[in-house]
Amino acid sequence: MDEIFGIPTPLLFGQLLLGLINGAFYAMLSLGLAVIFGLLNIINFTHGAQFMMGAFVAWMLLNYLGIGYWWALILSPLLVGLTGVILERTMICQLYKMDHLYGMLLTFGLSLIIEGVFRNQYGSSGMPYRIPPELSGAWDLGFMFMPVYRGWVVVFALFACISTWLVIEKTRLGAYLRAATENAPLVQAFGVNVPRMITLTYGAGVALAALAGVLAAPIYSVNPQMGTNLIIVVFAVVVIGGMGSILGSVLTGFGLGIIEGLTKVFYPEASATVIFIIMVMVLLARPAGLFGRA
Amino acid sequence: MAGQSMTSSAAPAGPQESILGFTKAQFIALLVMFAALVVAPFFLYPVFLMKLLCFALFACAFNLLIGYVGLTSFGHAAYFGMGGYIAAHSAKVWGLTPELSIIIGALLAGVQGGIFGWVAIRRQGIYFAMITLALAQMIYFFCLQAPFTGGEDGIQAVPRGHLFGFISLAPDMTMYWFVAAVFVLCFLLIHRIVHSPFGQVLKAIRENEPRTTSLGYRTDDYKLVAFILSATIAGVAGGTKSLVFGIATLTDVHWSMSGEVLLMTLVGGLGTVFGPMIGAAVIVAMQNYLAEMGAWVTVIQGVIFIACVLAFRRGIVGEIGNLLRVRL
């Protein structure tokens, strides 16, 4: 069993794993976008830049303060989430009464600023972030070598997605959140501080993006553009899945990552475009998205 | 879609006389524009002016969609860039005359706009923006890989050729008059479209799509035609630009170009006749004079974006029009 469909198994499983990892990032980012969109009604274009900031803060913590990966996993989402809270309070909150598209334009402008500043400071070339010693090495699974860190990313991303789902679906806080998504003024009339909830939701969505950034730092090189190309793909993922369902975004994210990985094996030329092609097909068949409500 | 519409231009004060479909104020602005087009090349570097006109035309085409139909395309670079590639290929490899090259580029951009528009108008608002962006990214990857585009190098050394086969466009001044003519023709065409009965329906869709549907208009058809027109004119702008500079590259299909044209239109004033042109002039001049600042240009663009969204939603021309109580 060295080959499946004429493809060497290590290559096939290697790409599948890579696809699963990309899928983990798609899932975490589209989850954050969906949560933010649900309550704030804006598409957070800054999401990619905030993903990049997550990776950069982890890198800075290590290189300037000597704080390692495990603390970065907690500190970086907190710090980046805090910047998100500040952005929401100072700028984004002024746009709720206006057309949704202004929110997109504002966050697009913010992402230009953030990326420009990081590019001025650190240049365009990537900087390495080494895998923490506890997670280095690889397991021999018999049919392939599985780097421990990659397995960790997939498991941890799944854990983060499921925890988010549990918080939103099973807790009182999540119930408030879902209620406010349906009808914010009514929830406010019941005495819930909706503006604060909106701020914290934005902060949490941003923190999720930053968490994905920390996870990505040892896999991709840490560079200012790492978020931009990713976020456009994530937009396509969000269009395919529809933003109505949390589990839907997670499933779509992982599924599309795997499809992309398989495309790299069987028809590499299309690997960069396959998600966009799937988006077109889904739009033709089910305009509301796979899990969306019309 | 509650809340304020994207383009809340000031209502004109009372009935206004119109000259050739322009209001009096617009007609005066038009004369100023013509005068500027004639005088400018004697004071400013013609290549810079041609670049400016190409972007102004691109922004006008974009404004046709965002300003008059209320559709925010976040992927107009795809049509601009594709128009550029096809025109460059026609002129260089097939040896066609410049006007034919631009027309072929524009037609292909229009066909592409037809296909993409057909897909994208299935969703509204924010989804429309995300879909157009994703489709444009697909075109970017296509151009990166397709053999005829030359990948990272682009199509270089594109000849300007001879207009109609006998007027050489190699001198910058001749090329400038050609570009100015293309710009004026397309500008008047857009104005004609916007003020036709068809244009009135487009504006009705912008203001209230369900109500327009209930009046018996197939709004999707109108949106699609507007999308195709906008993409075609964006293709004209891209094709003209590639002939001016003799090069078509990936920069023109990159998503940042889609962001730039949006910024130009926003700065100038969404849904105004002259706004996109002024916005293009501001942004192109800024890029030109701040070029040595590198990545800070991106930062400044971001700041302008935010300032426009938070404080300055009417744009330059919109604010002036509001101040003078006229529609420009």
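**Exercises on a two-chain predicted model**

In helix α13 of chain B (residues 315–324), the buried residues are B:G315, B:V317, B:G318 and B:G321; buried means under 20% relative accessible area and exposed over 50%, with a 1.4 Å probe and protein chains only. Helices are DSSP runs of H or I with at least four residues, numbered from the N terminus. This is a predicted model, in which local features need pLDDT of at least 70. Residues are numbered from 1 along each chain, and chains are lettered from A.

**Exercise 1.** Determine where the buried residues of α13(B) lie around the helix axis.

*Solution.*
Step 1. Viewed down the axis, the buried residues of α13(B) fall within an arc of 120 degrees, so they line one face of the helix; the arc is that of the directions from the helix axis to the C-beta atoms.
Step 2. B:L323 and B:L324, on the other side of α13(B), are exposed.
Step 3. α10 (255–268) and α11 (275–289) of chain B pack against the buried residues of α13(B), contact being heavy atoms within 4.5 Å.

**Exercise 2.** Describe the interface of chain A and chain B.

*Solution.*
Step 1. The two chains bury about 4,200 Å² between them, 79% of it on carbon and sulfur atoms; this is accessible area (1.4 Å probe) lost on being put together, summed over both parts.
Step 2. In chain A, the most area is lost to chain B by A:L101, A:Y102 and A:L105, together 16% of what that side buries.
Step 3. The contact involves 45 residues from chain A and 40 residues from chain B.

Notes. Predicted model: local features only at pLDDT ≥ 70, side-chain atom pairs only at ≥ 80, totals over all residues. Heavy atoms only, no water. Helix = DSSP H or I, 4+ residues; strand = E, 2+ residues; numbered from the N terminus.
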